[in-house]
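Take a walk through this model with the coordinates open. Begin at one residue, then move to the sheet and the annotated site.

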Amino acid sequence: MRTKSTIRNPDLAEKGWRKIEWVADKMDILNEILKEHKDSKPLAGKQVVICLHLEAKTAYLAYVISQLGADVAIAGSNPLSTQDDVAAGLAAQGITVHSWYNSTPTEYKEHLNKVLNAEPDLIIDDGGDLVEMLHQTRKELLPNIIGGAEETTTGIHRLEAMEADGSLAFPMMAVNDAKSKSLFDNRYGTGQSVWDGIMRTTNLVVAGKTVVVAGYGWCGKGVAMRAKGLGARVIVTEIDPVKASEAWMDGFAVMPMEAAAKKGDFLITVTGCKDVIAEKHLKVMKDGAVLANAGHFDLEVSKPALNKLAVEVSEARENIKRFKLEDGRQLYLLAEGRLVNLAAADGHPAEIMDMTFALQLSSLLYLIENPNLDAQVYNIPDDIDQMVAEYKLKSLGIEIDQLTQAQKNYLNSWTNQ
Ligand code: NAI
């Protein structure tokens with residue numbers, strides 16, 4: 001069911017479509033899958049509802065899905081990550097878009113509700129807000145849903161909790177956990193785009209500074225690795241002794257946030273947890289410290305604590321809030337503590353999102369081919385993961401060795417014992 005889009009400014013369509021065309025040209029895997037299935041239109045007659053950060057790569061995924069026959073309705077998955085020109089460019093292609101940059105909490109919910117009015121057969125979610133709304137206030141839509149796919153770590157955690165308490169009503173594919181996603185998108189994608197966001201927003205030097213990275217999961221590893229490459233001294237904070245040991249062996253200093261907070265020039269949270277930077281940490285920070293978050297929700301740097309401690313709050317520069325404390329120190333928060341790489345930049349590079357979105361599209365095709373899956377969280381099948389990696393190598397022009405029959409026999413001899 002196609003309805004009128006809710007976008008900020010349709011006049012931005014041409015600029016937005018140029019951004020989409022730019023990334024489309026770099027998304028080789030998605031283009032291969034499109035070429036393979038374009039004539040058979042495997043998604044014909046299906047309504048696909050998407051909730052993802054609405055920037056150019058996402059828009060191209062939505063466009064490709066529509067080219068495979070589906071009706072598509074899309075909303076942004078974060079109030080600050082929708083790009084209004086991209087939203088307009090996509091709407092001009094006949095795709096239903098309900099989203100704009102800087103939506104209020106009420107508008108954000110309204111946009112999700114509006115895309116759900118399309119009555120989805122299939123969904124793509126990022127962080128779990130769409131799934132939550134479906135299970136809480138739009139239950140009437142549940143019987144229609146064949147299944148969906150989840151983009152990010154926090155969303156998978158929410159789905160697993162629903163599966164455990166028996167409330168999940170349809171199958172969800174864990175795109176985030178595929179090897180060809182987390183190893184690349186979370187690590188190299190976040191690693192590069194977080195620094196893109198911080199550097200373009202602050203225009204400050206990174207070399208020689210002290211960077212504190214909270215969380216040494218897939219994303220944190222990328223952020224720390226790129227900080228090191230930029231010449232920073234890097235400190236990692238963790239709660240998991242294994243990850244903390246890994247960070248140490250990778251050459252980073254490891255200490256609790258209470259100690260790290262005193263040293264950091266840039267402090268970046270990427271944990272999926274809350275209050276990672278809390279009042280006691282803010283109290284000991286250096287004058288001029290820059291705070292940014294790359295985890296899914298804006299809870300990792302405590303905004304209530306910042307507001308409580310501040311005697312004056314002002315906008316230092318676009319996307320930078322200055323908090324002046326009683327003792328004269330100034331702390332800077334980027335992009336309202338929301339995902340800095342999406343709220344203050346363009347998200348991951350196109351070649352990275354190509355892999356992730358190839359997994360998203362393949363998940364939808366898999367759900368169509370396997371309509372009787374149980375209401376649980378499914379790993380991406382190995383053959384899909386392999387296919388994405390193989391397409392990636394092909395697009396890079398890289399060949400790798402193949403096992404000979406003798407080598408296969410040798411390896412099998414161990415598993416058969
Ligand atoms: P992960 O589970 O691999 O890593 C999270 C790490 O944070 C773990 O090692 C955990 O021990 C650590 N941690 C948890 N609480 C902590 C605390 N209080 N202090 C210090 N460390 C703590 O997760 P991943 O994939 O790295 O994702 C992290 C967050 O980033 C999630 O919210 C995820 O949804 C989000 N994400 C953001 C992206 C972006 O573009 N900005 C891309 C992908 C994921």
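Setting aside neighbours within four places in sequence, M387 is in contact with I33 and S362; contact means heavy atoms within 4.5 Å. M387 sits in helix α16 (residues 382-396). Helices (H or I, at least four residues) and strands (E, at least two) are DSSP runs, numbered from the N terminus. M387 counts as partly exposed because its relative accessibility is 25%. The cut-offs are these: buried is under 20% relative accessible area, exposed is over 50%, and partly exposed lies in between (1.4 Å probe, protein chains only). Now look from M387 to V311. They are 76 residues apart in sequence and 55 Å apart in space, C-alpha to C-alpha.

A word on the ground rules. This is a predicted model, where local features need pLDDT of at least 70 and side-chain atom pairs count only at pLDDT 80 or more, while totals for chains, interfaces and linings use all residues. Residues are numbered from 1 along each chain as its sequence is written, and side-chain values use heavy atoms, with hydrogens and water left out.

Next, the sheet. Seven strands form an open, parallel sheet in the order β3-β2-β1-β4-β5-β6-β15. β3 (96-97) and β15 (377-379) stand at the edges; each has a single partner strand, so one side of each lacks a neighbour in the sheet. Two strands pair if DSSP finds at least two bridges between them. β1 and β4 run parallel and are joined by three bridges. There, V49 stands opposite I123 in β4. On to β5: four bridges join β4 to this strand, and the two run parallel. L122 has G147 in β5 as its bridge partner, and D125 stands opposite E150. Helix α3 (residues 56-67) packs on the sheet, where it touches β1, β2 and β4. The direction of α3 makes about 160° with that of β2. Axes here are lines fitted to C-alpha atoms, for helices over the stretch in contact, and angles run from 0 to 180 degrees between N-to-C directions.

Which way do the β4 side chains point? In a regular strand the side chains alternate between the two faces of the sheet. L122 and I124 point one way from β4, I123 and D125 the other way, and all are buried.

Helix α5 (residues 105-116) comes next. Its 12 residues should span 16 Å at 1.5 Å a residue, and this agrees with the 17 Å between its end C-alpha atoms. The expected span is 1.5 Å times one less than the number of residues. Y108, H111, L112, V115 and L116 of α5 are buried. They lie on the same side of α5 because they cover an arc of only 140° around the axis. That arc is taken from the directions from the helix axis to the C-beta atoms. T106 and K109, on the other side of α5, are exposed. The buried residues pack against β1 (47-51), β2 (71-75) and α6.

Finish at the annotated site. The unreviewed UniProt entry gives "binding site" for D126, E151, K181 and D185. They are spread over 60 residues of sequence, yet cluster in space, with a largest C-alpha distance of 13.5 Å. UniProt positions follow the numbering used here, feature names are shortened, and annotations may be inferred rather than shown by experiment.

Is D126 buried or exposed? D126 counts as buried because its relative accessibility is 4%. D126 lies in the loop between β4 (122-125) and α6 (129-136). E151 is in the loop between β5 (147-150) and α7 (153-164). E151 is buried too, with a relative accessible area of 5%. Not counting residues up to four places away in sequence, E151 touches residues including D126, K181 and D185.
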